[in-house]
Amino acid sequence: MEQYFSATQKMEQEVMFPSLLRGVFPQEEGVASATDGHTDLYERYQLLKAIKPVVEKGLASVTDQSPTSASTDTDTTLDEGADSNLEERLSHHVNGLQQVLTDLTKNTKALTRRYSQILEQINLGEDQSSS
């Protein structure tokens, strides 16, 4: 979780001109594309920025739940099998969330690296033209 927020914060600090990402497509292997490679980095940047508050809000709502609201759900009697099923479902969803956050972190880091490469190319081009 910390890696995701760190990567997102770094992306937000470094990507000062997101429009430079228009028409630039991911080059790195192992980074999943949202729509089979048809999403440019600008669209991906917008998506990653839009997802961050959703993740933050979701975490805040989980941590803000009071024990009293949870205890009303425990008023009904649950048998041992239902408890086991709940544990399996929770484990499945937590694993899924971890995978999604890992993928988001990879995408965010790849986008930030690519943006840095674009800026380096621009700077090199300016240096060569001024010579």
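1. L101 is buried, with a relative accessible area of 8%, where buried means under 20% relative accessible area, exposed over 50%, and partly exposed in between, for a 1.4 Å probe and protein chains only. The residue sits in helix α4; helices (H or I, at least four residues) and strands (E, at least two) are DSSP runs, numbered from the N terminus. Leaving out residues up to four places away in sequence, L101 touches M1, Y4 and V55, a contact being heavy atoms within 4.5 Å. L101 and Q3 stand 98 residues apart in sequence, and their C-alpha atoms are 8.8 Å apart in space.

2. A word on the basis of these values. This is a predicted model, in which local features need pLDDT of at least 70 and side-chain atom pairs count only at pLDDT 80 or more, while totals for chains, interfaces and linings use all residues. Residues are numbered from 1 along each chain as its sequence is written, and side-chain values use heavy atoms, with hydrogens and water left out.

3. As for the overall layout, the chain has four helices and zero strands, and its elements run α-α-α-α from the N terminus on. Of its 131 residues, 23% count as buried. Among contacts between residues at least 6 apart in sequence, 73% join residues at least 24 apart.

4. L101 also belongs to the lining of the largest pocket, together with M1, Q3, Y4, L97, Q98, T102, T105 and K106. A pocket is found on a 1 Å grid over the protein atoms alone, as an open set of points where a 1.4 Å probe fits, with protein on both sides within 12 Å along at least five of seven lines, and lining residues have an atom within 4 Å of a point. The elements giving two or more residues to this lining are α1 and α4, and α4 gives the most, with six residues. About 160 Å³ of space lies in the largest pocket, the volume being the space filled by probe spheres set on grid points that are joined across faces, edges and corners.

5. The largest nonpolar core has 16 residues, and those with the most contacts inside it are Y4, M11, V15, L21, Y45 and L111. Such a core is a set of buried Ala, Val, Leu, Ile, Met, Phe, Trp, Tyr and Cys residues joined through side-chain atoms within 4.5 Å. At least two residues of this core come from each of α1 (2-14), α2 (41-64) and α4 (80-130). V15, one of the residues named, touches L21, Y45, L111 and Y115, not counting residues up to four places away in sequence.

6. T108 is placed in helix α4 and is buried, with a relative accessible area of 0%. A polar atom of the T108 side chain lies 2.7 Å from the backbone oxygen of L104. Apart from neighbours within four places in sequence, T108 is in contact with A7, T8, M11 and L48.

7. D40 is found in the loop between α1 and α2, and yet D40 is buried, with a relative accessible area of 10%. Setting aside neighbours within four places in sequence, D40 is in contact with L21, R22, G23, V24 and F25. The C-alpha atoms of D40 and L21, which are 19 residues apart along the chain, are separated by 7.2 Å.

Notes. A polar contact is a pair of N or O atoms within 3.5 Å; within protein, one must be able to donate a hydrogen and the other to accept it, and residues adjacent in sequence count only if both atoms are side-chain atoms.
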